[in-house]
Amino acid sequence: MYKIQTLNKIDPEGLKIFPLDQYEIASEFSAPDAIIVRSQAMHDLELPSSLLAIARAGAGVNNIPIEKCTEKGIVVYNTPGANAHAVKEIVLAAMFLASRDIAGSIEWAKGLKGKGAEVAGLVEKGKSNFGGTEIRGKTLAVIGLGAIGVLVANAAQALGMNVLGYDPYISVNYAWKLSRNVKKAEGVESLLASADFVTIHIPQLPETKGFINKDKLKMMKKGVKILNFARGGLVNNADMLEAIESGIVGKYVTDFPEDELINVKNIIAIPHLGASTEESETNCAIMAVNQVIDYLENGNIVNS
Ligand code: MLT
């Protein structure tokens with residue numbers, strides 16, 4: 001019997017793929033063959049000598065001690081693309097949130113309760129206080145054209161945006177095949193200089209830490225709106241706070257609610273909900289389970 005340990009709640013639609021005559025599944029095992037994990041940080045966990053594979057039901061692998069796994073010959077998978085539609089949709093929502101003060105106006109409208117005949121006048125006032133801008137016709141810079149970046153680029157074009165793409169890692173031809181009509185930026189500087197919105201979809205690696213920093217912020221248009229549904233560490237928070245203060249950045253929408261970003265005017269912090277949809281939980285679990293089965297039973301290492 002193979003022993004599969006689940007850290008975090010893994011969607012049952014995925015777990016039910018395991019044939020129960022060959023697999024035991026539990027949240028604790030002293031000698032698991034494989035671990036399936038969602039977001040729990042594993043850096044301080046002891047990795048048992050029985051462990052052959054870790055499957056991360058999600059895209060980022062920064063909760064996994066990759067170097068330790070490599071030393072011990074433990075295969076690590078992620079589930080690229082499985083949550084891409086969920087993240088694409090929240091990025092679109094973030095663009096709307098950044099353009100129209102939907103969140104602020106909802107809070108404000110709570111104050112209308114019990115106002116009776118005054119409501120009509122107050123609503124008129126609300127209309128003038130909460131005016132926004134449209135995203136149609138605006139320029140979106142997509143940094144990172146992997147599964148998520150390409151979906152965001154295509155969806156933004158459907159909304160009438162002018163989309164510029166840049167990817168420091170993957171083959172440009174490959175990305176451009178996937179993303180219809182996205183214009184290639186000459187380089188980061190020209191990309192950032194013309195963008196009304198910037199969305200980041202690159203992994204957090206030692207070399208991408210603080211990718212959005214003082215220097216890049218200086219290249220941007222005044223009032224630019226920045227969206228970060230990739231990883232908090234890709235943005236230098238001190239530099240971002242300065243750019244918010246000076247008005248270079250009009251809005252920063254982040255899925256990483258780090259302490260210094262909370263309750264700051266023009267920063268919208270969301271509690272890491274990018275991939276939290278029912279469909280995405282199911283897709284990630286199914287992909288992770290199939291990867292584990294394929295590895296344990298056939299020795300295949302396919303991460304796609
Ligand atoms: C991911 O890496 O898949 C996303 O950030 C979603 C998550 O971890 O919750």
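**Architecture of the predicted model**

The protein chain contains 11 helices and 12 strands; helices (H or I, at least four residues) and strands (E, at least two) are DSSP runs, numbered from the N terminus. This is a predicted model, in which local features need pLDDT of at least 70 and side-chain atom pairs count only at pLDDT 80 or more, while totals for chains, interfaces and linings use all residues. Residues are numbered from 1 along each chain as its sequence is written.

The C-alpha trace of the protein chain spans about 70 × 55 × 35 Å along its principal axes. Of the 304 residues in the protein chain, 38% are buried. A residue is buried if 20 or more other C-beta atoms lie within 10 Å of its own, exposed if 12 or fewer, and partly exposed in between, with C-beta atoms placed from the backbone. Among the contacts in the protein chain with a separation of 6 or more, 60% are made by residues 24 or more positions apart; two residues are in contact if their C-beta atoms, placed from the backbone, lie within 7 Å.

The protein chain is divided into domain 1 (2-82 + 278-298) and domain 2 (84-111 + 130-269), with bounds that come from an automatic or database domain assignment. The centres of the two domains, taken over C-alpha atoms, are separated by 31 Å. Six residues of domain 1 are in contact with six residues of domain 2. On the side of domain 1 that touches domain 2, one residue is nonpolar, four are polar and one is charged. In this classification Ala, Val, Leu, Ile, Met, Phe, Trp, Tyr, Cys and Pro count as nonpolar, Asp, Glu, Lys and Arg as charged, and the others, Gly among them, as polar.

β1 (2-6) pairs in the parallel sense with strand β2 (residues 23-26) over four bridges, where two strands pair if DSSP finds at least two bridges between them. Glutamine 5 stands opposite alanine 26 in β2. β1 also runs parallel to β3, to which three bridges join it, and threonine 6 has isoleucine 36 in β3 as its bridge partner.

Helix α11 (residues 278-298) has 21 residues and reaches 30 Å from its first C-alpha to its last. That span is close to the expected 30 Å, the expectation being 1.5 Å times one less than the number of residues. Buried residues of α11 include Ser280, Glu281, Asn283, Met287 and Val292. The cover over the buried residues of α11 includes β1, β3 (34-37), β4 (53-56), β5 (75-77), α1 (12-15) and α3 (84-99). Just after α11, glycine 299 takes a positive phi of about 75°.

Strand β11 (residues 249-254) pairs with β12 in the parallel sense over three bridges, and threonine 254 has alanine 269 in β12 as its bridge partner.

The loop between β11 and β12 holds asparagine 263 and asparagine 266. Most residues other than glycine have a negative phi. Asparagine 263, however, has a positive phi of about 60°, and phi of asparagine 266 is near 70°. Asparagine 263 counts as exposed because it has 8 C-beta neighbours inside 10 Å, whereas asparagine 266, with 14 other C-beta atoms within 10 Å, is partly exposed.

Leaving aside its neighbours within four places in sequence, methionine 219 is in contact with Glu189, Leu192 and Ala193. Methionine 219 counts as partly exposed, as 16 C-beta neighbours lie inside 10 Å. Glutamate 189, found in helix α8 (residues 188-194), has 12 C-beta neighbours inside 10 Å and therefore counts as exposed.

Finally, the ligand is surrounded by Ser39, Gly58, Ala59, Gly60, Asn83, His272, Gly274 and Ala275, a residue being near a molecule if its C-beta atom, placed from the backbone, lies within 6 Å of it. This shell divides into two nonpolar residues, six polar and no charged.
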